[in-house]
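Please read them with the structure open.

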Amino acid sequence: MVDNKSNTDPEVKIRVKDLDFYYGNVQALFNLTMDIPARKVTALIGPSGCGKSTFLRALNRMNDIIDGARTSGSVFIDDQDIYRNGIDIVSLRKKVGMVFQKSNPFPKSVFDNVAYGPRIHGVKNRRKLAEIVERSLIRAALWDEVKDRLDKNAMDLSGGQQQRLCIARALAIQPEILLMDEPASALDPQSTAKIEDLIDELRRDYTIVIVTHNMQQAARVSDLTAFLYEGYLIEVGPTKQVFTKPHKKKTEDYITGRFG
Amino acid sequence: MRTAVLQRATCWLMRAMTYFIVFIIASIILKILWNGLPAVSWEFLTTMPRRSGAEGGILPAIVGTLYLVVGTIAVALPLGMATAIYLSEYAKQGRFTRTIRLAIVTLAGVPSIVFGLFGLGLFVIFLGFGASIISGCLTLACMILPIIIVSSEEALRAVPRSLREGSLALGATKWQTIYKNVLPYSVSGMLTGSILGIGRAAGETAPILLTVAAFYLPKLPRSIFDQVMALPYHLYILATQHPEADKVRPMQYATALVLLALVLGVNLAAILLRIRIRKKRRW
């Protein structure tokens with residue numbers, strides 16, 4: 001299906017086209033179309049239940065694991081439709097890392113957490129694993145805090161450290177895209193600041209899509225902001241413009257706190 | 001004032017009932033210990049029975065029961081775990097899984113003598129295994145499968161969904177996720193099921209009556225197609241079928257004591273193992 005490919009702007013990493021999503025009979029996303037630029041931070045904002053998380057999870061097909069979920073439309077990543085039949089989900093998820101709202105370290109050692117992905121993908125060499133673990137933890141700004149206790153259980157880390165560990169774990173499989181579902185919503189301000197610094201740090205190398213409830217956070221960390229409401233994409237544009245001169249009334253109402 | 005009295009009375013009533021249960025268990029164990037311990041000796045545990053079990057030991061019954069327990073677990077545990085994994089991780093939840101679960105619950109409620117008859121019909125006669133260890137193990141395995149499946153499913157459900165998602169999001173396949181990030185945390189719960197199963201498999205008489213247990217067989221089995229003696233059945237024989245039932249009273253209690261010790265010993269080992277595994281689990 002060559003004519004379905006969108007071989008235009010190399011700066012566009014993810015191209016969403018006419019995306020519909022249903023939980024059973026309930027439609028959660030309506031005809032979403034948007035481009036997500038490479039190596040930029042795109043924030044998804046909107047009131048609870050507007051479909052932000054569902055949309056995020058559509059980008060690495062995590063919605064597949066829900067019974068009765070149905071998707072139509074297409075999502076092109078590097079010009080490849082990830083909803084085409086016969087797509088390799090494993091390599092898709094290797095390319096698209098994900099960090100969840102509630103940090104979910106595995107009840108294993110810090111080392112084993114970060115090495116989990118590489119091991120799954122066949123890295124066996126102990127030295128190579130150690131290298132990947134170190135590099136990923138450094139990248140996630142956690143190395144200095146845990147380098148002396150890599151064999152300790154990850155559940156002993158603080159909430160903020162756990163979330164950075166999850167980021168390190170996602171980075172260990174060398175993704176190109178990082179999906180973050182409210183990564184700082186359960187953290188104290190200090191840990192949140194660290195995560196935001198980290199996002200700022202990572203944007204040079206990764207395409208980041210972040211769901212957030214926090215307007216200030218979206219304004220601080222993102223280049224692009226998309227506002228979703230009741231399953232519809234209301235508006236998308238440069239963050240500055242969306243926050244200062246939104247085109248749509250709905251967006252303005254939400255941003256100024258009139259509802260949500 | 002009156003509510004306070006009522007409150008205290010209720011509390012005392014509950015407490016009395018709890019103590020009553022402890023009392024029953026303690027008196028059973030004490031009676032068996034009291035009457036059985038004098039008859040337990042090294043000879044009793046390690047030699048063949050003589051004169052239809054009126055003299056000598058119970059070695060073949062001990063060995064027989066151990067074989068049955070090990071064989072039953074070896075059959076039922078993989079089968080039950082696989083079923084539980086399929087039902088809770090793979091199968092689409094709906095009418096199909098509901099029907100299967102109903103069947104499992106029904107299976108748990110079937111009287112054990114019916115399992116005995118089923119084993120006689122299928123394993124002993126139809127499949128031609130004869131009265132043998134393998135027939136007995138398969139019959140007992142059918143009986144304890146529901147216990148293992150139900151507790152394994154519970155153990156799997158106790159693992160938070162976020163751990164599965166975290167693994168899948170890293171590009172792990174479903175099986176890798178289950179194997180590396182679900183099973184390690186649910187093994188302890190699955191062991192609980194096998195603990196209960198072991199207790200039942202070791203103690204039941206009816207299912208082995210028709211499929212494996214020998215009335216009197218003073219030798220050890222050579223293969224899984226041999227008959228064996230088993231402790232519960234031997235106890236039953238000594239207590240009700242033996243021509244000198246009154247005279248062999250101490251042997252009966254001693255046999256009961258050994259059976260009790262065996263079951264409690266196996267349970268204790270499994271419980272200790274579970275505690276060790278559980279210590280490592282935190283979320």
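How many residues of chain A are in contact with how many residues of chain B?

1. **The interface.** 21 residues of chain A are in contact with 18 residues of chain B. Two residues are in contact if their C-beta atoms, placed from the backbone, lie within 7 Å. Helix H2 (89-95) and helix H3 (110-120) of chain A each supply at least two residues of the side that touches chain B. That side of chain A has 11 nonpolar, five polar and five charged residues. Here Ala, Val, Leu, Ile, Met, Phe, Trp, Tyr, Cys and Pro count as nonpolar, Asp, Glu, Lys and Arg as charged, and the others, Gly among them, as polar.

2. **Ground rules.** This is a predicted model, where local features need pLDDT of at least 70, side-chain atom pairs count only at pLDDT 80 or more, and totals for chains, interfaces and linings use all residues. Residues are numbered from 1 along each chain as its sequence is written, while chains are lettered from A and ligands numbered from 1 in the order in which they are written. Helices (H or I, at least four residues) and strands (E, at least two) are DSSP runs, numbered from the N terminus.

3. **The four-stranded sheet of chain A.** An open sheet runs in the order E2-E1-E4-E5 (chain A), with antiparallel pairing. Two strands pair if DSSP finds at least two bridges between them. E2 and strand E5 (80-81) of chain A are the edge strands, and each pairs on one side only.

4. **E1 with E2.** Strand E1 (residues 12-23) and strand E2 (residues 26-37) of chain A run antiparallel and are joined by eight bridges. Phe21(A) faces Leu29(A) of E2(A). Tyr22(A) has Gln27(A) as its bridge partner in E2(A). The hairpin of E1(A) and E2(A) has two residues between the strands. In that hairpin, Gly24(A) takes a positive phi near 60 degrees.

5. Ile14(A) stands opposite Ile77(A), and Arg15(A) stands opposite Phe76(A). E4(A) is joined to E5(A) by two bridges, again antiparallel. Ile77(A) turns up here too, with Gln80(A) as its bridge partner in E5(A). Two residues lie between the strands of the E4(A) and E5(A) hairpin, where Asp78(A) takes a positive phi near 50 degrees.

6. **The six-stranded sheet of chain A.** This open sheet has the order E6-E7-E8-E3-E9-E10 (chain A) and mixed pairing. Its edge strands are E6 and strand E10 (232-238) of chain A. Neighbouring strands are turned by 15 degrees against each other on average, direction ignored. E7(A) and strand E8 (residues 207-211) of chain A pair in the parallel sense over five bridges. Met180(A) stands opposite Ile210(A) in E8(A).

7. **Helix H6 of chain A.** Is H6(A) mostly covered or mostly uncovered? It is mostly covered, with 12 of its 13 residues buried. A residue is buried if 20 or more other C-beta atoms lie within 10 Å of its own, exposed if 12 or fewer, and partly exposed in between; C-beta atoms are placed from the backbone. Among the buried residues of H6(A) are Arg164(A), Leu165(A), Ile167(A) and Arg169(A). Their cover includes strand E6 (96-99), helix H4 (126-139), strand E7 (177-181) and helix H7 (189-202) of chain A. Helix H6 (residues 159-171) of chain A reaches 19 Å from its first C-alpha to its last, close to the 18 Å expected at 1.5 Å a residue. The expected span is 1.5 Å times one less than the number of residues.

8. **Chain B overall.** Chain B has 12 helices and two strands. Its elements run α-α-β-β-α-α-α-α-α-α-α-α-α-α from the N terminus on. The C-alpha atoms of chain B fill a box of roughly 70 × 70 × 35 Å, taken along the principal axes. Of its 283 residues, 41% count as buried. Among contacts in chain B between residues at least 6 apart in sequence, 78% join residues at least 24 apart.

9. **A helix pair in chain B.** Helix H3 (residues 59-90) and helix H9 (residues 183-203) of chain B pack at an angle of about 140 degrees, with their axes 10 Å apart. Axes are lines fitted to C-alpha atoms, for helices over the stretch in contact, and angles run from 0 to 180 degrees between N-to-C directions. The residues of this contact divide into 10 nonpolar, four polar and no charged.
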